[in-house]
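This report goes through one protein chain, from its overall build to a few individual residues. The sequence and model come first.

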Amino acid sequence: MLPTTPDAFALRLETRLKLRHYVLLLAVERHRSITRVAQQLSLAQPTVTRALADVEDIFMTPLFVRSRRGLEPTMAGEVVLARARLAVADSQALQQELRAVSGAGLQGRLRMGVIPYAATQTLDAAWQHLFAQRPRMALLAHEDTTHNLVLAVRRRSLDCAICRFSHDSTDDDLVQELLYRQEACVVVAKASAARLARQLSLDITRLADMDWIFPPSDTPIRQMIDTVFAAAGRSLPVPLLEAYAVRTVASALRHLPRGVTVLPRDVAQAVAATGAAEVMPRALPWNLPPVGLAWLRDSPKAAVIEALAAALR
């Protein structure tokens, strides 16, 4: 049962709750066993049991219950665990920043996510801006799908991400600055390019019997392809390969004479430049979700990210 007044509960958290309590809760969530938590933290089991009881006393409610699968979080436990993840992530980011500042004389550290299909022009502008900072800044770049990048920004393991607008990235906790739009086009292996180029109109549902390369299922471009086949009443082809890295796609097309995929035009031209494939001249009549720079409204790096967004406009 919580204290009768919000101020009393706030005082309880401010005076008793420590980061080590959050670390303990996350260990319990991960291992679901006091014995395994004790082993991980090099503590005696009774010490872990008392520590968990102390945390639950701070919140004045059970955070875990025993089940056949081990310790399971209660509803209150899930709420606390969500905050624990953010607090621990912030602490780890602070440690990395302080090492960059005190150990290397840098002004800090920026962790940026990037979708593999990001435009080269945008990436060039980002590096030009960031590498020109004085004092210099330590940078981390991580490639992944929009879904995973937005999740990482929300979990505070990334500071910002160059990613697509999607239902995951339009909530009030995120700022997203529009950077550019991309046109979708069909890319085919060189051996099949001449035959397909002779078609008066290009309908990708007619290409279902070719060797398809699809991006992962949780990407907006894959969802677009799924929708096109469904709207045409056609079964979605079983992809011969699922890949999202540009070099991987280019290499696969070099070895698939009947290979075909759908890419943003700028990325498609980069694949074609390797000599592995050709871009079909007619653009597809669908809109890809636009690409933007996303970050949390309350990010401690907001000023740095806003300056980056201005450089990318």
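Contact here means heavy atoms within 4.5 Å. The model is predicted, so local features need pLDDT of at least 70 and side-chain atom pairs count only at pLDDT 80 or more, while totals for chains, interfaces and linings use all residues. Residues are numbered from 1 along each chain as its sequence is written, and side-chain values use heavy atoms, with hydrogens and water left out.

**Overall build**

The protein chain holds 12 helices and 12 strands; these are DSSP runs numbered from the N terminus, with helices being H or I of at least four residues and strands E of at least two. Its radius of gyration is 25 Å, well over the 20 Å that the globule rule gives for 313 residues, so the chain is more spread out than a compact globule. That radius is taken over C-alpha atoms, and the globule rule is 2.2 Å times the number of residues to the power 0.38. The C-alpha trace spans about 75 × 55 × 35 Å along its principal axes.

Of the 313 residues in the protein chain, 45% are buried. Buried stands for under 20% relative accessible area, exposed for over 50%, and partly exposed for what is in between, with a 1.4 Å probe and protein chains only. Among contacts between residues at least 6 apart in sequence, 70% join residues at least 24 apart. The accessible surface of the protein chain comes to about 16,300 Å², and carbon and sulfur atoms account for 54% of this; the areas come from the Shrake-Rupley method with a 1.4 Å probe.

Q182 is found in the loop between β6 (174-180) and β7 (184-189), and its relative accessibility of 8% makes it buried. Leaving aside neighbours within four places in sequence, Q182 is in contact with Y117, A119, R164, P264, D266, V267, L288 and V291.

Beyond its neighbours within four places in sequence, E72 is in contact with R32, L63, F64, V65 and S67.

The table lists polar contacts of these side chains. A polar contact is a pair of N or O atoms within 3.5 Å; within protein, one must be able to donate a hydrogen and the other to accept it, and residues adjacent in sequence count only if both atoms are side-chain atoms.

| Side chain | Partner | Distance |
|---|---|---|
| Q182 | side chain of D266 | 3.1 Å |
| E72 | side chain of R69 | 3.3 Å |

**Backbone exceptions**

Most residues other than glycine have a negative phi, and most peptide bonds are trans. S42 has a positive phi, near 55 degrees, without being a glycine. S42 sits in the loop between α3 (34-41) and α4 (45-59) and is exposed, with a relative accessible area of 65%. M60, likewise not a glycine, has a positive phi of about 55 degrees. M60 lies in the loop between α4 and β1 (64-67), and at 29% relative accessibility M60 counts as partly exposed.

Which peptide bond is cis, with omega near -5 degrees? This is the bond from R134 to P135. P135 is placed in the loop between α6 (120-131) and β4 (138-143).
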